[in-house]
Amino acid sequence: MNGIRVFITGMGVMSPLGNGVPDLLDSLKKNRSGIKPLSLFPASAGNLFPAGEITGFEQTDEVPRTHGIALAAAREALAGRNLIPDAIIIGTTTGGMPRTEELLKKGEKGADPYRYHSTSSVAEYISDVLQCTGLVITVTTACASGTAAVKLALELLRSGKAGRVLAGGSDALCRLTYYGFNSLQLIDPIGARPLDRSRRGMTVAEGSAMLLLEAAESAPSTAIAEVMGGGLSCDAHHPATPQPGGEGALYAMKRAIADAGITAADIGYINLHGTGTLDNDLAEARAVCALFGEHVPLLSSVKGATGHSLAAAGAVEAVVCSLAVRDGLVPANTGCTEPDPALNLRPVMEPMRKKINAVLSNSFGFGGNNACLVLGDPGIRRAISPHKSAFRFEVMGSACVTGAGDMEKTLHNLKQGKDCFGTLPLADISKKLQTREVRRLKRLPRLSLALAMDAAGSAAQKPSSIFFSTSWGPLSETHDFLTKLFESDEQFTSPTDFIGSVHNAPAGQAAIWLKANGANITVTGGDYSFEQALFAAALAAEEENLLIMGADEYHEILSPLFDGSARIGRVPSDGGGALCLKRGTGSSRVLISPLFFERSTNNRGIMESLMRSLDGPEHVRSGYAAIFAGMPAVHKAECKKQLSEFISGTGFSGPIVDYRTLLGEFGSATSAAAAIAVRFAQNGALPPALAGGASCTLAGKGILMLGLGNCITAIEIRA
Amino acid sequence: MQKLIAELKEKIIDTLDLIDVTPEDFKENDRLVGGKLGIDSIDILELAMMIDKDYGIKIDNKELGQKVFATLGTLAEYIHKNRKG
């Protein structure tokens, strides 16, 4: 039997080089640059730099710009095909920020205008418009997001759990990124000149690109390129600067090539990350030279033409690479006039024609995140072995933080029948952390580091890959960055807060602390973020040992504006949970498996679908001793309806723990609940206070975690 | 100059939240980055923003930053020379 191959059968793009694939191709052929002085919003005095803007896109009031350009690319990718993707995986770092920052600037206090703030709302919006009811994952792993999204899609298709996936990235220009990168002194005042001897930095840009990926044993007639492999790694070195020797980048490139089943000598073209910053280009050049030695293939960075569209960049460049494979067009390294001899690379200076069989595409980002893809000619026959990914993990360690304190204090309260509401003082969260090491870290990274230390500390082997989930990201850093910016008429802000505001900053900190060089993925999925992280881990964790964690902070200004459940929750609460996991089922430890994830909007058959994935009502009655129900307050009525439908459909009669009524209303309550459920599974019983007063022994049965509301999700935890 | 140096010590501690550092821990000719105070490249960017805001002086590239932020003494001298009025 042949293994599953994955083909790109549709593509859409919105970029400074053109709206739509034909325009992009034309610009690449003509070596045109899309970089021009910023015009999307007025730059403050002395701060007008070149940027990469999408022109000719009609922005409506319905959704923020990131969402709008994402939909335009998605529609192009599906054009002429009357089909609905089984799943959607999108990378973004800004989400609704282009609108949110305008609202905050004018002091908007009403919550409704912020409803598209979340990074996860981009994929959810696309999913709703396209009527996709399947798994949705939002990857927010900084500038590696778009490429990491394609890697996750590749693995989802290989797993056989989906047949068609829409994957890509989208980021619109906003003040946060424009002034943020400027505060890091990373902007080239005359526009990015990647690999050039005189390069001074990058050009911040916007863009979106979507790829329709389809699984098949051989190339369908619609195949544009094959996604042959992908590789992920983390530098675990610094929050914003690459490892000088490019070791992390090299690791990801090697993994992608190995995953594709080829060797470095088979690569005909490298599409570099090539931002144009001194440090990035040097580290990447060292990694390329180390991998290819004397035989470096054709290579170029297109960021001197497109600018750097952050989370979208990897997806836009996947389109560029697909065109290289399909049309034999090798794009030029626009902006570079004299290659830097220190890099020891010879970039393609003018667009050229050459038959390319396999392309390596690099994307690197803050937090030391590296993601690489190998795309190839779909016409080349390949035999590949069937791929197996186990959707089941052994739990090696667990931790949580709630308003009550750490795991022991939380369990103590729960056993007494007390709630764990509240926000733990920063000093308590940080008590095991070194003062000097965490001096720059605000609430969310400290929560995350405390969780990582506790969970990894209780496991025998240290995890080497990290899957982090957060519903809202680092709110304190985001708030403080924008407040300083607006208070100074957009003259001054904090570079530290900018670096810290990136959603994956906490995961990057955890990686540095754990020296975790493997995959490092941050996902955001609102109230279903933890489930997304568990699915992402099942798909992309190459290492045996991994850390999965979820955390959210309560911010007194932003949380009530963004999170409807936090707004109506009785007591402001936050925290999270973490699990150290190992792939497989080989011991007597507690096991955790992600079983189900669908969106409930426009999904009439969702209950039947859930029941099938749980092997029917009889299995639910006999297999589970308790249900942990995640019922976000803002959707409580809908959640209750869904739960009663599930109960009447299955005849389940065990205890049901509505954990948000104990832990509080925060997105990552599910992470904390999962860690707590693991402890109960280890103990073989639920405390009577949670089981209606009677003792509840699990007797070999599992705990079923059901997420309800906008999505329905299921996770199994059993000893 | 000594007044400026004393002022800078306070501002650096405050800007970078160096809660376990006192002004007496700073020596004028000790190197700022990578020294015992634990100041790194991100801190330098933060200090560059503070210098721009409080003294109206831009230190907006890495090469200049490396020279100016070499020690507390070089920083004070640069501010003294370039300060308006």
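These legends describe close-up views of a predicted model.

**View 1. The interface between chain A and chain B.** The size of an interface is often given as the accessible area lost when the parts come together. Here chain A and chain B bury about 1800 Å² between them, and 50% of that area lies on carbon and sulfur atoms. On the chain A side, 20 residues are in contact with 25 residues of chain B. Between chain A and chain B there are 5 salt bridges.

**View 2. A salt bridge between B:Asp43 and A:Arg439.** Side chains of opposite charge can pair when their charged atoms come close. B:Asp43 of chain B pairs in this way with A:Arg439 of chain A, forming a salt bridge. The closest N and O atoms of B:Asp43 and A:Arg439 are 2.7 Å apart. Over all chains, the structure holds 44 salt bridges.

View 3. The side chains of A:Lys30 and A:Asp26 form a salt bridge, with 2.9 Å from N to O. A:Lys30 and A:Asp26 both belong to helix α1 (residues 21-30) of chain A. Because they are 4 residues apart in this helix, A:Lys30 and A:Asp26 are separated by about one helical turn.

**View 4. Helices α1 and α2 of chain B.** Two packed helices are described by the angle between their axes and the distance between the axes. For helix α1 (residues 2-15) of chain B and helix α2 (residues 41-55) of chain B, the axes come within 11 Å and cross at roughly 125°. The pair α1(B) and α2(B) is therefore oblique. The crossing of α1(B) with α2(B) is right-handed. From α1(B), the contact uses B:Leu4, B:Glu7, B:Leu8, B:Lys11, B:Ile12 and B:Thr15. From α2(B), the contact uses B:Glu46, B:Leu47, B:Met50, B:Ile51, B:Asp54 and B:Tyr55. Sorted by class, the residues of this contact between α1(B) and α2(B) are 7 nonpolar, 1 polar and 4 charged.

**View 5. Helices α3 and α14 of chain A.** Helix α3 (residues 97-105) of chain A packs with helix α14 (residues 475-487) of chain A at an angle of about 55°, and their axes are 11 Å apart. That angle makes α3(A) oblique to α14(A). The crossing of α3(A) with α14(A) is right-handed. In α3(A), the residues that meet the other helix are A:Met97, A:Glu101, A:Leu104 and A:Lys105. Their partners in α14(A) are A:Thr478, A:Leu482 and A:Phe486. The contact of α3(A) with α14(A) has 4 nonpolar, 1 polar and 2 charged residues.

**View 6. Helices α7 and α8 of chain A.** The axes of helix α7 (residues 247-259) of chain A and helix α8 (residues 278-292) of chain A come within 9 Å and cross at roughly 45°. Helices α7(A) and α8(A) are therefore oblique to each other. The crossing of α7(A) with α8(A) is right-handed. A:Ala249, A:Leu250, A:Met253, A:Lys254 and A:Ile257 make the contact from α7(A). A:Ala287, A:Val288, A:Ala290, A:Leu291 and A:Phe292 make the contact from α8(A). The residues of this contact between α7(A) and α8(A) comprise 9 nonpolar, no polar and 1 charged.

Key
Residues are numbered from 1 along each chain as its sequence is written. Chains are lettered from A and ligands numbered from 1 in the order in which they are written. This is a predicted model: local features need pLDDT of at least 70, side-chain atom pairs count only at pLDDT 80 or more; totals for chains, interfaces and linings use all residues. Side-chain values use heavy atoms; hydrogens and water are left out. Axes are lines fitted to C-alpha atoms, for helices over the stretch in contact, and angles run from 0 to 180 degrees between N-to-C directions. Helices (H or I, at least four residues) and strands (E, at least two) are DSSP runs, numbered from the N terminus. Angles under 35 degrees count as roughly parallel, over 145 as roughly antiparallel, 65 to 115 as roughly perpendicular and the rest as oblique. A crossing is left-handed if the near helix is turned anticlockwise from the far one by less than a right angle, and right-handed if clockwise. Contact means heavy atoms within 4.5 Å. Ala, Val, Leu, Ile, Met, Phe, Trp, Tyr, Cys and Pro count as nonpolar, Asp, Glu, Lys and Arg as charged, and the others, Gly among them, as polar. Buried area is the accessible area (1.4 Å probe) that two parts lose on being put together, summed over both. A salt bridge is a side-chain nitrogen of Lys or Arg within 4 Å of a carboxyl oxygen of Asp or Glu.
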